[in-house]
Amino acid sequence: MSQRERTAVIGGGMAGCAAAKELIKAGREVVIFEAAAGLGGRARSWHRSEIEPSVGINLWFTSFYKLMFERIHEYGLEDQLVEMSNNVIVVDNGQPAELLSDSLRSLLTYKHVGLRDRIGFLTGTLKETRLRKQLDIFDPVKLAPFDDGTTAAEYARKSLSQRGFDNLLRPEIESFWLWRCEDVSAAHVRAMQAQVAGAKFYVFRNGMEVIAERNAEGADIRLEHEVTDLQVTGGRVHITARSADGESHAEIFDDVVVATTAPVAAKLTAALPNDIVGRDTREFLETQVYEPALSVSYLVDFSSMPSEAHIVAAGADDPPVKTIITFPRKVKDAQGRSVDKHLAFVYPGRAETRRLLAMSPEEQYAETTRLVTKLWPDFPADAEPFEIAVRPHAMPLPAPGRYRMSARVIGLQHAPVVFAGDYFTAPISEAAMLSGIRAAEKLTTAGKLTPTSAAPTTAPTSAAAG
Ligand SMILES: Cc1cc2nc3c(=O)[nH]c(=O)nc-3n(C[C@H](O)[C@H](O)[C@H](O)COP(=O)(O)OP(=O)(O)OC[C@H]3O[C@@H](n4cnc5c(N)ncnc54)[C@H](O)[C@@H]3O)c2cc1C
């Protein structure tokens with residue numbers, strides 16, 4: 001009997017675990033090397049037993065996440081779903097106004113902008129919705145033809161006044177992804193607009209990592225194993241990993257999916273020759289820019305904050321605090337009674353995030369507590385500091401032209417070293433999973449060396465004119 005092919009997956013995030021599932025399905029023996037103590041990567045939450053549910057950062061997903069819903073049904077996780085209200089409150093110069101991205105009524109009565117901008121925004125959204133199939137926010141191969149070098153800001157200014165842009169599109173994009181509209185491709189915003197109408201929003205009751213964990217079933221999972229070296233000799237992949245006890249072990253595989261962030265992937269594969277990792281792929285990895293994220297959470301009295309709300313800053317300036325998100329939680333009081341509270345996540349603005357990243361948690365709390373009332377003056381003074389999550393490489397930026405580059409690199413990937421990660425598209429768990437599935441296909445399909453999904457590099461005029 002011939003031996004099963006062995007594939008290593010470096011990184012047990014949403015991309016790596018999605019790749020592992022496909023590889024196992026194809027009959028491979030799969031080893032996942034994960035540097036952290038659990039699977040899920042950036043989709044993995046912290047958990048604290050004082051709150052119920054115990055989950056902290058809980059990623060949102062929507063009814064248009066196709067792979068996610070396929071997995072939910074396959075694993076019978078329907079009872080884990082919690083539908084969230086999409087309650088966006090835009091604060092302009094201290095004035096709050098509600099803007100529900102899935103409600104026509106809310107848009108038409110939105111008081112921060114004039115009627116002309118509201119109509120312009122609605123018309124633009126409807127126009128993009130008609131292109132929904134092509135403007136697939138998860139798939140860089142489909143988005144590439146729309147990525148004509150235009151920025152999201154340039155696109156917005158075609159149909160909105162500056163005020164309309166700063167109070168409608170900008171807060172919707174920048175509060176969720178933290179980047180500036182001036183720095184990202186219009187294709188991303190157009191795809192977002194195309195999908196969002198009528199969407200429902202969900203979280204998993206106990207955190208999104210459940211999907212990574214279920215996808216990885218059947219693999220040999222090596223947690224707290226950081227890969228430190230990757231070499232290819234005689235067509236075989238040599239991997240060295242350091243375990244939690246500081247010991248290094250080397251192992252040989254037939255091939256590998258590198259499913260880390262782009263800077264780690266670039267570093268691990270830097271010494272490989274061009275016939276293994278070509279110049280375009282290398283350049284793609286080395287040039288990926290990330291926005292950092294710092295989420296500072298507090299427990300607050302339930303009635304002191306709006307519930308399930310995204311409170312976001314309007315305007316073109318980089319504010320001290322960009323976003324506050326509130327999730328309801330149960331907490332036991334001193335008598336052991338269950339009390340309703342809000343877990344309030346505060347995200348400082350871009351410059352403040354960079355400044356605070358270098359500080360101790362105590363300083364981060366002190367500074368964030370000082371800054372938060374600039375966005376929400378009623379933020380309770382007795383808020384209880386709870387947990388901080390630091391992500392230096394949080395949000396890969398889809399700069400103009402990046403989707404075209406990504407589609408080209410996807411087409412160029414081949415055994416024995418392939419790559420996966422959300423940086424092929426944008427920071428969305430569904431997109432990360434798609435990248436993992438694509439990478440696995442490159443190793444399992446017969447034409448391993450044949451580029452299969454090279455995308456057009458020029459925009460079709462009718463679709464991209466939008
Ligand atoms: C603050 C924040 C909020 C977000 N909100 C949402 C949301 O609401 N909805 C949504 O869909 N998406 C959201 N995202 C995006 C989502 O988290 C990511 O797109 C997705 O988790 C990326 O998965 P990945 O597998 O590509 O990368 P990662 O999750 O980064 O996985 C890479 C893995 O590789 C491991 N690793 C790194 N180096 C090594 C090494 N040398 N050896 C072994 N292992 C290694 C890491 O520990 C990690 O587990 C959010 C992201 C952030 C940061």
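A polar contact is a pair of N or O atoms within 3.5 Å; within protein, one must be able to donate a hydrogen and the other to accept it, and residues adjacent in sequence count only if both atoms are side-chain atoms. The model is predicted, so local features need pLDDT of at least 70 and side-chain atom pairs pLDDT 80 or more, while totals for chains, interfaces and linings use all residues. Residues are numbered from 1 along each chain as its sequence is written, and side-chain values use heavy atoms, with hydrogens and water left out.

A backbone N or O atom of Arg42 lies 2.7 Å from an oxygen atom of the ligand. For Ala43, a backbone N or O atom is 3.5 Å from a ligand oxygen atom. Ser429 uses a polar side-chain atom, 2.8 Å from an oxygen atom of the ligand. The protein covers 89% of the 1000 Å² of accessible area that the ligand has on its own (Shrake-Rupley method, 1.4 Å probe).

Around the ligand are 31 residues, where being near requires a heavy atom within 4 Å. Those that come nearest are Glu34, Arg42, Trp60, Tyr65 and Ser429. Among the elements that each supply at least two residues of this shell are helix H1 (14–25) and helix H15 (429–444); strand S10 gives the largest share, 3 residues. Helices (H or I, at least four residues) and strands (E, at least two) are DSSP runs, numbered from the N terminus. Domain 1 (6–42 + 208–289 + 398–444) and domain 3 (291–396) each contribute at least three residues to the shell, with bounds from an automatic or database domain assignment.
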